[in-house]
Amino acid sequence: MKTSRNKAVMRAAAAILDAAAQRQVVEAVEQDFRNLSQALAGLAPQRLPHQFPVESLQSSFAEPFTFQAVERLAHFGMMPRLQEVCEVFLEMLEARRGKLVVEITSAKPLNDAQRQTLLEKLGKRLQQEIIPQWSVDESLLGGFTYRTENVLGDYSAKGMLERMKQQLLA
């Protein structure tokens, strides 16, 4: 999840989700976009070129509507942002289902029990079921941070030290 998204990406993802819901193919499009997003993640940091041959993707989709949606994105020159559209589509879908996508960054890798405990506590705090996106950033020194579209929580040693420094300088 990115904190600031391109407006065209947001509009495109919302339009695809609405159209998929109208056609009652949301689950199939969801699976197609999950698969596509994973495949495109392997290309990072490269993006698809504007002139990408969309036809080469047609056999990759179980749902014909997904291909039609990708064709429309190509028509509007959005192929370089295809992975971002997939990600936003999936985030919007989870939000509609009452789930919240949360980026959780810890200072060290967490084991399953630690992850479960953290998810339970964050779920209670945010009052929603959480879909976590885990990462590690050793510069946090200890603890973790979390980020949703609207909320940033910093429970890291680095953040605590920064706040102490600001208080001492004030």
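## Nonpolar surface patch

Met 160 belongs to helix α6, which spans residues 157–169 (helices are DSSP runs of H or I with at least four residues, and strands are E runs of at least two, numbered from the N terminus). The model is predicted: local features require pLDDT of at least 70 and side-chain atom pairs pLDDT 80 or more, whereas totals for chains, interfaces and linings use all residues. Residues are numbered from 1 along each chain as its sequence is written, and side-chain values use heavy atoms, without hydrogens and water.

With a relative accessibility of 43%, Met 160 counts as partly exposed (buried is under 20% relative accessible area, exposed over 50%, partly exposed in between, with a 1.4 Å probe and protein chains only). Together with Leu 141, Leu 161 and Met 164, Met 160 forms a nonpolar surface patch of about 400 Å² accessible area (Shrake-Rupley method, 1.4 Å probe, only the protein chains shown counting as cover for residues). Patch residues have over 30% relative accessible area and no salt bridge; like charges are joined within 9 Å, and nonpolar side chains (Val, Leu, Ile, Met, Phe, Trp, Tyr) within 5 Å.

## Salt bridges

The structure contains 8 salt bridges, each defined by a side-chain nitrogen of Lys or Arg within 4 Å of a carboxyl oxygen of Asp or Glu. One of them pairs Glu 30 with Arg 97, with the closest N and O atoms 2.9 Å apart. This pair links distant parts of the chain, 67 residues apart: Glu 30 lies in helix α2 (residues 26–41), and Arg 97 in the loop between α4 (82–96) and β1 (99–106).

Glu 30 is buried at 11% relative accessible area, while Arg 97 is partly exposed at 37%.
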